[in-house]
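Subject: Handing over the structure, with notes

Dear colleague,

I am passing this structure on to you, with the sequence and the coordinates shown just below. My notes follow, and I would be glad if you read them with the structure open beside you.

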Amino acid sequence: MGSTRLEIKELPAPPAKETQIEEYVSQFSASLTPTQKEWFYWTNYSRSNPKRFWDSVVAPILKIYPSFRNSYTISLKEDLYKASPLPFVKHNEELAKVAQSLAGGLAEKKASPSHTSPSGVTFEDRMQSISIKKCAGENISFGPPNAVLMLVLLYIDEGVPDLGHRRTLLNPSFVEMGVGVGAYPQNKFMVVQDFACNQK
């Protein structure tokens, strides 16, 4: 797990929503909360054109938070500039259920981010429970209710030597996602993203 201390600042306005991505996400709207929709939109925005994501989202945030400029952000720019466009991730109801079980369980106990639930259920346990047999990953984000900022922090992955969150987000094999959200005091949220490749 990495961690970043944030000073509360006014963030730059994100780029205008793109019709193609909004229409894609709207297919799943009946199953998604507004927060989940935001995470689906911006995750797909970042994957569909990684270079544009750097230019239009990450770079403006770095101007507001110059302390983020370090080896992690340098490597992120390199990775996003060389990455090819990736497929959109679609909503998977089963992944959403296990992601929500973790986010809700951690929030209920006011626990720190962890891939193991307070009751001891591991990531592997959760994937096996929904018959995910290959190719899966999990990201956990804890912080303010701003999907854009929290997604950028996952991409930067400061303090995570293997850049596991970034590698998960840029994994071309991942085509399905479920998002779980748990509310904490002081307007903080735990967000869990569970990803999987096509299981067929």
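Let me begin at a pair of strands: in strand S3, the bridge partner of Lys90 is Glu176. The model is a predicted one, in which local features need pLDDT of at least 70 and side-chain atom pairs count only at pLDDT 80 or more, while totals for chains, interfaces and linings use all residues. Residues are numbered from 1 along each chain as its sequence is written, and side-chain values use heavy atoms, with hydrogens and water left out.

The sheet

Helices (H or I, at least four residues) and strands (E, at least two) are DSSP runs, numbered from the N terminus, and two strands pair if DSSP finds at least two bridges between them. By these terms there is an open sheet of 4 strands, in the order S1-S3-S4-S2 and with mixed pairing. Its edge strands are S1 and S2, each of which pairs on one side only. S1 (residues 90–91) pairs with S3 in the parallel sense over 2 bridges, whereas S3 and S4 pair in the antiparallel sense over 9 bridges. As for burial (buried means under 20% relative accessible area, exposed over 50%, partly exposed in between, with a 1.4 Å probe and protein chains only), S3 (residues 176–184) is mostly covered, with 8 of its 9 residues buried.

Helix H7 and what surrounds it

Helix H7 (residues 147–156) is mostly covered, 10 of its 10 residues being buried; among them are Val148, Met150, Leu153 and Tyr155. Which elements do the buried residues of H7 pack against? They pack against helices H2 (34–48), H3 (50–64), H4 (71–82) and H8 (164–169), and against strands S2 (136–143) and S4 (188–196).

Just after H7 comes Asp157, in the loop between H7 and H8. Asp157 has a positive phi of about 60 degrees although it is not a glycine, and at 3% relative accessibility it counts as buried. Most residues other than glycine have a negative phi. Ser131, in the loop between helix H6 (123–129) and S2, likewise has a positive phi of about 60 degrees without being a glycine, but at 46% relative accessibility Ser131 counts as partly exposed.

Thr168 lies in helix H8 and is buried, with a relative accessible area of 11%. The side chain of Thr168 reaches the backbone oxygen of Gly164 at 2.9 Å. Leaving aside its neighbours within four places in sequence, Thr168 is in contact (heavy atoms within 4.5 Å) with Arg47, Asn139, Phe174 and Phe195. Gln36, which lies in helix H2, is also buried, with a relative accessible area of 9%. With neighbours within four places in sequence again left aside, Gln36 is in contact with Ser31, Val179 and Val181.

The second largest pocket

Finally, there is a pocket to look at, and a pocket is an open set of points on a 1 Å grid over the protein atoms alone, where a 1.4 Å probe fits, with protein on both sides within 12 Å along at least five of seven lines, its lining residues having an atom within 4 Å of a point. The second largest pocket is lined by 11 residues, of which His115, Glu138, Asn139, Gly164 and His165 lie nearest its centre. The elements that give two or more residues to this lining are S2 and H8.

With kind regards

Terms used:
A polar contact is a pair of N or O atoms within 3.5 Å; within protein, one must be able to donate a hydrogen and the other to accept it, and residues adjacent in sequence count only if both atoms are side-chain atoms.
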